[in-house]
Amino acid sequence: MTEIFGFPIQALMGQLVLGLVNGSFYAMLSIGLSVIFGMLNIINFAHGAFYMIGAFLAWMGLYYWGISYWWSLILVPLAVALIGIAVERTLLQWIYKLDHLYGLLLTFGIALVIEGMFRHWFGVAGQPFDVPEGLTGGFNLGFMFLPKYRAWVIAASLTVCVGTWFVIEKTRLGSYLRAATENPKLTQAFGINVPIMVMLIYGLGVGLAGFAGVLAAPVLQVSPLMGSNMIIVVFAVVVIGGMGSIVGSIATGLMLGVVEAIPKVFYPEISSTMVFIIMAIVLLLRPAGLFGKER
C-alpha cells in the first residue's frame, strides 16, 4: 500500500516526522513556560526572546569564537539561565504579588527590547547554521529518508523534558523548589533561601528555552524573529495542556506538532490554524486544559 485516502504514504510519514520535530520544540519551550508559570505565577512572554538568544549564542559561538555545537548544548543554556536570573533579580522580583497582567506586560516589553537589539545588530535576514559533524546524512527507512539531525532533535528534546519532570517532581531539590513557591514564609523558616530557589526556577525555565534554541539553530535559520514566530503557538500549547502542568506541556507539545503537520498533506490552508481551533474547543470543554487542575 503506497497511498492512504489517495495521498502518498511517503508524504504522510514525512509530515509526521516534521510534526514530531516541531512538537519537540513546542514541548521544550512550553515546559519552560509551565515551570515558570506553575511556580512563579509569571506569564513569561519573553520566553521566545530567550529561545532566540540561545540560537544566536550558538551561532556566534561557532562562527566567532570557535565553540562547537556540542559545547554549545552545555554552555549556551547556562549562559541564557544567567541572563534570565539577572532579569529576574532586577525586574521580575518586584511584581510577584501583583496581578498577572503586570508580569505579562513587563515580559512582553522585555521581549520587544531584546528582539529590537538583535534586529539592530544582525538585521532580519536569517543566519545559516551547519548541521554538526556526526549528524549529517540520514537513515533510509524504506518509506522515507529520515535525517539524522531531526532524529537527534526528537531524542534530545524528550530526554531533557523527562529529565526536567523527574527533577521537579521526584527529587529533593524539586521539593525545595515547589515549597519555596507554594509557601515561601514556612520554607524560609526551615532555613531554605527562598530568593535563591526562585532564581533557580526562572533560570531553569529560560535555560530550557536556550537549549531549544541551540537545537533549532541547524533546523531553522537563526533570526531575531524566530522567537516571536514561535511564542504564540507555544502559549497555545501551554493553555491546551494546562497552565503549570509539565506533563501536559510535553504531551500536548508533541501531539500538536503532529496535528499541525498532517493537514498540510490534505488541506494545507488549515494547518496554521489547527492549534488555535483545538485550543478553542479545549477551552470550551475544559477551561483548565487537558492536564490542568480546576482552581
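Which helix holds V233? V233 is found in helix α9, residues 226-241.

## About the model

This is a predicted model, in which local features need pLDDT of at least 70, side-chain atom pairs count only at pLDDT 80 or more, and totals for chains, interfaces and linings use all residues. Residues are numbered from 1 along each chain as its sequence is written, and side-chain values use heavy atoms, with hydrogens and water left out.

Helices (DSSP runs of H or I, at least four residues) are numbered from the N terminus.

V233 counts as buried, at 12% relative accessibility. Buried means under 20% relative accessible area, exposed means over 50%, and partly exposed lies in between (1.4 Å probe, protein chains only). Not counting residues up to four places away in sequence, V233 touches Y26, V275 and F276; contact means heavy atoms within 4.5 Å. V233 and S30 are 203 residues apart in sequence, yet their C-alpha atoms are 9.4 Å apart in space.

With residues up to four places away left out, S249 touches A27, S30, I31, S34 and V237. S249 is buried, with a relative accessible area of 1%.

## T107 in helix α4

T107 is found in helix α4 and is buried, at 0% relative accessibility. Two backbone oxygens lie within reach of the T107 side chain. The backbone oxygen of G103 is 2.8 Å from a polar atom of that side chain, and the side chain of T107 reaches the backbone oxygen of I43 at 3.0 Å. Such a polar contact is a pair of N or O atoms within 3.5 Å; within protein, one must be able to donate a hydrogen and the other to accept it, and residues adjacent in sequence count only if both atoms are side-chain atoms.

Beyond four places in sequence, T107 touches I42, I43, N44, F45, A46 and L92. T107 and I270 are 163 residues apart in sequence and 30 Å apart in space, C-alpha to C-alpha.

## The two salt bridges

How many salt bridges does the count give? The count comes to two, where a salt bridge is a side-chain nitrogen of Lys or Arg within 4 Å of a carboxyl oxygen of Asp or Glu. One joins the side chains of R89 and E88, at 2.7 Å from N to O. E88 is found in helix α3 (residues 69-90). E88 is buried, with a relative accessible area of 0%, whereas R89 is partly exposed at 26%. Apart from its neighbours within four places in sequence, E88 is in contact with Q93, Y96, V198, M199 and Y202.

The other salt bridge links R119 and E115, with the closest N and O atoms 3.8 Å apart. R119 and E115 are separated by about one helical turn because they are four residues apart in helix α4 (residues 100-122). R119 counts as partly exposed, at 41% relative accessibility, while E115 is buried at 15%.

## The nonpolar core and a surface patch

In soluble globular proteins, nonpolar side chains tend to be buried together. Here the largest nonpolar core has 84 residues, and F50, Y51, F56, L215 and V222 are those with the most contacts inside it. A nonpolar core is a set of buried Ala, Val, Leu, Ile, Met, Phe, Trp, Tyr and Cys residues joined through side-chain atoms within 4.5 Å. Leaving out neighbours within four places in sequence, F50 is in contact with V80, I83, G84, V87, Y202, V206, A209 and G210.

On the surface, F166, V167, L173, I196 and L200 form a nonpolar patch with about 400 Å² of accessible area together. Helices α5 (148-170) and α8 (194-216) are the elements that give two or more residues to this patch. Patch residues have over 30% relative accessible area and no salt bridge; like charges are joined within 9 Å and nonpolar side chains (Val, Leu, Ile, Met, Phe, Trp, Tyr) within 5 Å. Accessible areas come from the Shrake-Rupley method with a 1.4 Å probe, and for residues only the protein chains shown count as cover. F166 is in helix α5 and counts as partly exposed, at 45% relative accessibility.

## A positive phi at N41

Most residues other than glycine have a negative phi. N41 has a positive phi of about 65° although it is not a glycine. N41 lies in the loop between α1 (9-40) and α2 (47-63), and is partly exposed, with a relative accessible area of 34%.
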